[in-house]
Amino acid sequence: MNEFEQQPPALRTIGGEGLQSGTPAGPLGGGMPVNPVAELVVDLLAATGLIAPDKLALVRGRAQQGVGLGQAILEEGAATSEGIARALATKFQLPLVDLAAQELDAEAAKLVPLHVLERVIAIPYGLSGDTLRVAIADPANVHGIDELRLATRYALEIGVAGREDIEAEIRRLVRASEAFGARAAVDEELTVEEEDETDDLEVDDGISDAPLVRLVNSVIFQAAEDGASDIHFEPQEDSLVVRFRIDGVLQEVQRIPKRMMPGVTTRLKVLAKLDIAERRKPQDGRISLNAAAAGRMLDVRVATLPTVEGESIVMRLLDKSKKAPTLVELGLSEEMQMKLSEMIRRPTGALLVTGPTGSGKSTTLYASLSEINRPEINIITVEDPVEYRLPGVNQVQINPRAGLTFAAALRSILRSDPDVVMVGEIRDGETAKMAIEAALTGHFVLSTLHTNDAPAALTRLNEMGVEPFLTGAAVTGVLAQRLARKLCSHCCEMYTPSVDELLKARVSPEVAAASDGMGFYRKRGCPRCNQTGYKGRIGIYQLLSMSEQLETLAVQKASREDLERAALGEGMRTLWDDGLSKVAAGLTSIEELARVSI
């Protein structure tokens, strides 16, 4: 019996006929070459009736324009990568492999060359005796399966996994291979040179060294792929610690030997066009790079800081290629979303978004601009930095060295006939006064402030020198927010907390008593969320709508407590209340809410 006869019946039939018959007509028509797997998936989706016919028509239309049918299915949202894998596993009578939950055998992955895995879109995930378990995205690719068999001496046990999961694992293997090769090469060169006592400045001679370049690149690309917002290179007594900030929390990812620290630091400073000889003063720079493997166009802000152990370097990753979210995607409650939509559609006034650094204020402003952006109005923004590129919006990047500050840019913007103005941040009294006056003279202004909650924004403006009667008349509303990590949907578990546990988590006695016996969710940890129990983030909000009573209190320079008491009486919810509603919905945990709320 040959290898083809040993394959499952469905694999022999569809794989053989589909690949040997050349050009099946299929629903695409016109004799266009059709991937039998993708065509099969479309047929399965059509048969189930779960996908609307117009969506399937869009998929086929994109495929006729030259886009791969499988890619078109994913891009149009007709099915997920996991859904396609599940359908194929059922049709071909093969096991379904969940790579995110499956613990991969590192030794098994080395038994097939990387270039073969990349070409076939497959990943070995286990070894049992003489049998190598391999997950493949396209079980109809008979030639690819044959190539896998020729590339290893082990018998193969084929399973089906999602294409995106397989590609992510392949990228991880490539990155690990490059980092290992780079570190080994640097170690070898350093071993030869260790006998000579050299000055740190002589590391400059090796800044373009290929292994060192690959090591630095692998760290940056890993951060891009993992969705990190910051990379920290922190010198310690015995090593250079690399940490990523993912979903707002720092995670240690690797330790680079101390002897390699000068080379890594110098390489990063060269990329950011900083002075490599200056080690005593903080420096700021930037890098633009295309992390194509992770699908991200990155604008990287680099900041160095001298410490007792050496120079610490922090890199802020800004993704220039991602699209601004919509108000629906922010996680606002339906009632709050309706109120906010009504506010931002007013022709004049000011919407202020408040919260600590990294709480998603700018993202909320971008979502608001996307909601109201239309050809009939002129929208101008002044930002530092420009985080999202919005088509049809005039975006200004401040440049303090050239004298283009927020205040100077805002002064020029108001002479450019704007309808809507977004000020990235109100940092000083001059900017605050100009923004509030602009809101009173026929413009709608959006901006951010650093306060703990919404009522405090009104008192902060007074402290910055804005007249109280202007604040009351100009401000339309204030949105305070935090970002909480979302529970991983694949591993979170339900539990019933006791009243004592709720009280320790700062839940009020009344709410704790009412919640006794109620089911909540908590983190557990799995490979898909890197054992953290969380994946992604969701906003927690407090919306203050300006009313006559609040305006009167603002004019009277009322305290934050008086403003809060009046706003709560008019229906405003606290940040804690909004967070509890998301805990009850299973979106986040009590512990996470206590971590981010005031």
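At what angle do helix α15 and helix α16 pack, and how far apart are their axes? Select residues 406-413 for α15 and residues 429-440 for α16: the angle is about 25 degrees, and the axes are 9 Å apart. Axes are lines fitted to C-alpha atoms, for helices over the stretch in contact, and angles run from 0 to 180 degrees between N-to-C directions.

**Before going further**

This is a predicted model, in which local features need pLDDT of at least 70 and side-chain atom pairs count only at pLDDT 80 or more, while totals for chains, interfaces and linings use all residues. Residues are numbered from 1 along each chain as its sequence is written, and side-chain values use heavy atoms, with hydrogens and water left out. Helices (H or I, at least four residues) and strands (E, at least two) are DSSP runs, numbered from the N terminus.

With the whole protein chain in view, 24 helices and 18 strands are present. Of its 598 residues, 47% count as buried, where buried means under 20% relative accessible area, exposed over 50%, and partly exposed in between (1.4 Å probe, protein chains only). Among the contacts in the protein chain with a separation of 6 or more, 63% come from residues 24 or more positions apart; contact means heavy atoms within 4.5 Å.

**Stop 1: the α15 and α16 pair**

Return to the two helices of the opening question. α15 and α16 are therefore roughly parallel to each other; angles under 35 degrees count as roughly parallel, over 145 as roughly antiparallel, 65 to 115 as roughly perpendicular and the rest as oblique. Show side chains for Phe406, Ala407, Leu410 and Arg411 of α15, together with Glu430, Thr431, Met434 and Ala435 of α16, which make the contact. These residues divide into five nonpolar, one polar and two charged. In this grouping Ala, Val, Leu, Ile, Met, Phe, Trp, Tyr, Cys and Pro count as nonpolar, Asp, Glu, Lys and Arg as charged, and the others, Gly among them, as polar.

**Stop 2: strand β13 and its partners**

Next select residues 420-423, strand β13. Val420 and Met422 point one way from the strand and Val421 and Val423 the other way, and all are buried. Ile379 has Val420 of β13 as its bridge partner.

**Stop 3: Ser368**

Select residues 361-372, helix α14, to locate Ser368. Is this residue, Ser368, buried or exposed? Ser368 is buried, with a relative accessible area of 0%. Not counting residues up to four places away in sequence, Ser368 touches Leu327, Ile344, Leu351 and Leu446.

**Stop 4: the β1-β2-β3 sheet**

Move to the open sheet of three strands in the order β1-β2-β3, where the pairing is mixed. β1 (122-128) and β3 (155-160) stand at the edges, each with a single partner strand, so one side of each has no neighbour in the sheet. The twist averages 30 degrees from one strand to the next. Strand β2 (residues 131-136) pairs with β3 in the parallel sense over six bridges, and Leu132 has Leu156 of β3 as its bridge partner. Now display helix α9 (residues 142-151), which lies across β1, β2 and β3 and runs at about 140 degrees to β3.

Within β3, pick Val160, which counts as buried at 0% relative accessibility. Its contacts, leaving aside neighbours within four places in sequence, include Leu88, Leu94, Ile136 and Pro139. The C-alpha atoms of Val160 and Leu88 are separated by 7.3 Å, although the two residues are 72 residues apart along the chain.

**Stop 5: helix α23**

Finally, select residues 575-584, helix α23. Seven of its ten residues are buried, so α23 is largely enclosed by the rest of the structure. The buried residues are Leu575, Trp576, Asp578, Gly579, Leu580, Lys582 and Val583. Their cover includes α13 (334-344), β15 (475-487) and α24 (590-596). Just after α23, Gly586 takes a positive phi of about 80 degrees.

Methods:
Two strands pair if DSSP finds at least two bridges between them.
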